[in-house]
Amino acid sequence: MMKHYKEKAVIVKGVYKTFRLPHEQHSGIKQRIINVFKGIKGYETLKILNNISFEIEKGEFFGIVGRNGSGKSTLLKLLAEIYIPDTGLIKINGSLTPFIELGVGFNPELTGRENVFLNGALLGFSKTEMDLMFDQIVEFAELENFMDQKLKNYSSGMQVRLAFSIAIRANTPVLLVDEVLAVGDSEFQRKCYIEFRRMKEEGRTIIFVTHDMSAVEKFCDRVLVLKDGKIAGIYNPSKAAAIYQRMNISDDQPEDASIAIENWGTGDVVLDDVKIYEGNSKHDTDNIVSQGNDVSFDIKFINKNQPKDIVVGLAFKDIYGVNLSGPNSLKIKLNSSSNVIYKVPKLAFVPGVYTLTVAIFDKNAEIEYFHSEEAMKFNVINEGQEQYGKVNLFGQWNQS
Amino acid sequence: MLRELVITDFKLRYQGSVLGYAWSLLKPLFLFAIMYVVFGVLVKLGSVEHYPVYLLFGIILWTFFAEATNQGLASIVGRGGVIRKVSFPKYIIVLSTTISALVNLMINLFIVFVFMFISGVQIQLSIIMLPLYLAEIYLIALGLAFLLSTLNVKYRDTSHIWEIIMQAAFYATPIIYPLTTVMDKSVVAAKILMMNPIAQAIQDARYSLITHQTITVSSLFNNEWYVLIPLGIAILLLVIGALYFKKNSKYFAENV
């Protein structure tokens, strides 16, 4: 795939960026004068980006991931020339359209038509270009009958549709997309995906910043992982997703790695820990497992008040909360034990992030001793070709 | 893009008000009516011929200057949301707000012409100089707008300070009173007042359009070269404002 990339689309070399963070409300002269007398600087500097260098090939779909505060947004704004680096060089070949936010400059008091032209102007389109694109934009947004109404009378969905329709008209060779997919309903997201696929086929360079690892794995060719303002590495998508996942787990919940927020129940039994093993080993997998491997989910619990005949129920959910499988342990008796293992032969889920819900009941499912909506997250990886759907049936293609 | 921003500015200004654009005409007219009743009828400052039109024209020019600087001052902070999201030349924002004030001035000038016709003011050849003086006022306002909008990003006190300065400047500029009132007390004071480029430009504009009785810098000093001093100040303001803006505009996205 690498061979038909001819030129670099983006070159970033040795970029540093620091911000001054004011200590107190600093935007007044009074505070400034007081600070001078006290000998206080009034701000501290914060290194946001530290020696960032990378290159993006023409036609590449380049992902940037990192946790909140890792410097993603700053890097994006540097690429969009909204900020300028302290030192270092950023070179973009050809023009770039930034979609840091949809509907920049949208004003509720203006009509849809006026907003289209205003937003277009801010994205750098000329009046004639906008005249030519106007009908397509309206058609794509399916808002033909609303263009002369004020934007404040639009539903939020309509506003997003309009903004997105303008955005995808941008014909610049480099596009910068920041979390656009985070907004909108699933139908809108589907539309976004279709557009991304089209842009990718057109050979345009797209820089994509997101938290959504399934989107990363679907689209990106290479992914830059940022950590604390430094480049942790540039990887292929599934590796990057795995590393990102590991970063999240290790930073987020240093001690109680697997037991998270939404728990409820009588508390007669409580969940202690959930571990995932691959094959027959008992090595910690860091919650990253490969598709097609045998995988065991080891559910450890503390039987506090010793109720009898408890049943453990699981729910495997994808990132949209769709329950993909909901097994329970009704067939075996769990009385004095403190753990139960659910063994899955040949894990079928397509690569992505999944959550495991754990519930512990009495045998009639009347009393819920414990429920954890998100007992753990795990990541399924497969460094093969792109997969569609939710599961891989591991079927065989044959010619009769 | 400049065009779109000016249009937007204009559309939004009187959004939702019944009279709409009419307000941009009515506001200076009411100010004029008040000033005329107080200073033209009650106190009788008007020793110049065509004093009502003379006063109206002065007020309209001042209103333009005040509008351009006040809105220019707030423009960068006001558009902060956009600045943080898209990269584009920032001066366009300041330019668009001052231009929309300029469009307003053009509409208001129309009223001045109507009043001139009613009061029977003769159009003189000197009217050909008028665009130059209007351009001078615009460029002073633009220079100040650059300077103030940048300062306002750093110190939000700027708008309050500017409000006070403008109030003082309104009375320090011979708008409601003819300059002769000052000259009666002290000629030196009058000369100092006329070094203010806005005072010079307004007086010269009045001279060219309303009446040759208007005292201008050249007639006050009996030497037309003295006009270079306020003109020089005006150019200096524009250059300083533009340079200061240019130097700081790179960091607007971070600081606004």
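Q: What makes a residue of chain B count as buried, and what share of the 256 residues does so?
A: In chain B, 40% of the 256 residues count as buried. The model is predicted: local features need pLDDT of at least 70, side-chain atom pairs count only at pLDDT 80 or more, and totals for chains, interfaces and linings use all residues. Residues are numbered from 1 along each chain as its sequence is written, while chains are lettered from A and ligands numbered from 1 in the order in which they are written.

Q: Why does the radius of gyration of chain B agree with that of a compact globule?
A: The globule rule is 2.2 Å times the number of residues to the power 0.38, with the radius taken over C-alpha atoms. For 256 residues a compact globule would have a radius near 18 Å; chain B has 19 Å, which agrees. Along the principal axes, its C-alpha atoms fill a box of roughly 55 × 45 × 35 Å.

Q: What secondary structure does chain B contain?
A: Chain B has 13 helices and zero strands, where helices are DSSP runs of H or I with at least four residues and strands are runs of E with at least two.

Q: Why are H2(B) and H5(B) called oblique?
A: The axes of H2 (residues 22-42) and H5 (residues 91-119) of chain B come within 10 Å and cross at roughly 60°. Angles under 35 degrees count as roughly parallel, over 145 as roughly antiparallel, 65 to 115 as roughly perpendicular and the rest as oblique. H2(B) and H5(B) are therefore oblique to each other.

Q: What residues make the contact of H2(B) with H5(B)?
A: B:Ser24, B:Leu25, B:Pro28 and B:Leu29 of H2(B) meet B:Asn104, B:Ile107, B:Asn108 and B:Ile111 of H5(B), contact being C-beta atoms within 7 Å. They divide into five nonpolar, three polar and no charged. Nonpolar covers Ala, Val, Leu, Ile, Met, Phe, Trp, Tyr, Cys and Pro, charged covers Asp, Glu, Lys and Arg, and the others, Gly among them, are polar.

Q: How many residues does chain B bring to its contact with chain A, and which helix gives the most?
A: The contact takes 20 residues from chain B and 25 residues from chain A. H1(B) gives the most to the chain B side, with five residues. That side has seven nonpolar, three polar and 10 charged residues.

Conventions. Two residues are in contact if their C-beta atoms, placed from the backbone, lie within 7 Å. Axes are lines fitted to C-alpha atoms, for helices over the stretch in contact, and angles run from 0 to 180 degrees between N-to-C directions. A residue is buried if 20 or more other C-beta atoms lie within 10 Å of its own, exposed if 12 or fewer, and partly exposed in between; C-beta atoms are placed from the backbone.
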